[in-house]
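Please look over the model below before reading on. The text then goes through its sheet and one of its helices.

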Amino acid sequence: MTGLEPAASTSRTWRATNCATSRFRFARAKIIKVSIIITIFVEIFLLNNFFLGMDSIRQNKIGRLIQRDLSEMFQKECKEYTGGAMLSITAVRVSADMSYARVYLSIFPSELTEKVLGILDEKNKNIRFILGKKIGKQTRIIPELRFFVDDSLDYIDKIDSLLKQ
């Protein structure tokens with residue numbers, strides 16, 4: 001036996017250990033890459049599902065534009081359409097093809113809601129015409145307006161009164 005044998009056995013163990021370590025490093029790097037890819041796909045999937053139900057940026061912009069111009073109209077030009085009630089436009093939701101707009105109104109006093117909605121449905125064409133004069137340069141299609149009562153404030157009052165009891 002020469003002094004080379006222990007060195008050979010150590011080199012074998014060193015090679016085996018080094019190979020195992022490099023295999024471990026390679027496997028760990030592969031797992032990290034796969035986990036990063038999975039998290040990216042999950043984030044993309046969740047973001048796409050989150051935004052699928054929501055309106056597009058264009059729909060939101062048109063909705064805000066209609067909300068602003070309708071509220072100005074009801075304050076200045078179309079006071080007679082409010083029927084003596086105080087109107088506030090809480091939200092405007094525009095369809096994907098920009099042809100329909102759901103206008104949500106908060107009406108005070110709430111006893112006049114049916115009267116105000118009746119007047120607004122009667123004068124819908126005239127309101128759309130005036131709105132078209134205001135936003136006609138910014139949109140191709142002036143959406144058909146449909147008015148709905150936003151009763152979220154009444155719902156909040158009802159819950160508040162139930163909580164106080």
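Predicted model: local features only at pLDDT ≥ 70, side-chain atom pairs only at ≥ 80, totals over all residues.

Residues are numbered from 1 along each chain as its sequence is written, and side-chain values use heavy atoms, with hydrogens and water left out.

Helices (H or I, at least four residues) and strands (E, at least two) are DSSP runs, numbered from the N terminus. Three strands make up an open sheet of mixed pairing, in the order β1-β2-β3; two strands pair if DSSP finds at least two bridges between them. β1 and β3 are the edge strands, each pairing on one side only. On average, neighbouring strands of this sheet are turned by 30° against each other, direction ignored. Axes here are lines fitted to C-alpha atoms, for helices over the stretch in contact, and angles run from 0 to 180 degrees between N-to-C directions.

The pairing of β1 with β2 is antiparallel and has eight bridges. These two strands form a hairpin with five residues between them, and in the turn Met 98 has a positive phi of about 65°. Within this pairing, Val 92 is opposite Val 103 in β2. Val 103 also stands opposite Phe 147 in β3.

β2 and β3 run parallel and are joined by six bridges. Arg 102 has Arg 146 in β3 as its bridge partner. The charged end of Arg 102 sits over the ring of Phe 148, 4.1 Å from the ring centre. For such a placement, NZ of Lys or CZ of Arg must be within 6 Å of the ring centre and within 35 degrees of the ring normal.

Helix α3 lies across β1, β2 and β3 and runs at about 175° to β3. α3 spans residues 113-122, and its buried residues are Thr 113, Val 116, Leu 117, Ile 119 and Leu 120. These residues are on the same side of α3, because they cover an arc of only 160° around the axis; the arc is that of the directions from the helix axis to the C-beta atoms. An α-helix has 3.6 residues a turn, so residues three or four places apart point the same way. Glu 114 and Glu 122 are exposed on the other side of α3. Buried means under 20% relative accessible area, exposed over 50%, and partly exposed in between (1.4 Å probe, protein chains only).

What do the buried residues of α3 pack against? Their partners are α2 (57-75), β1 (86-94), β2 (100-108), α4 (124-135) and β3 (144-149), where contact means heavy atoms within 4.5 Å.
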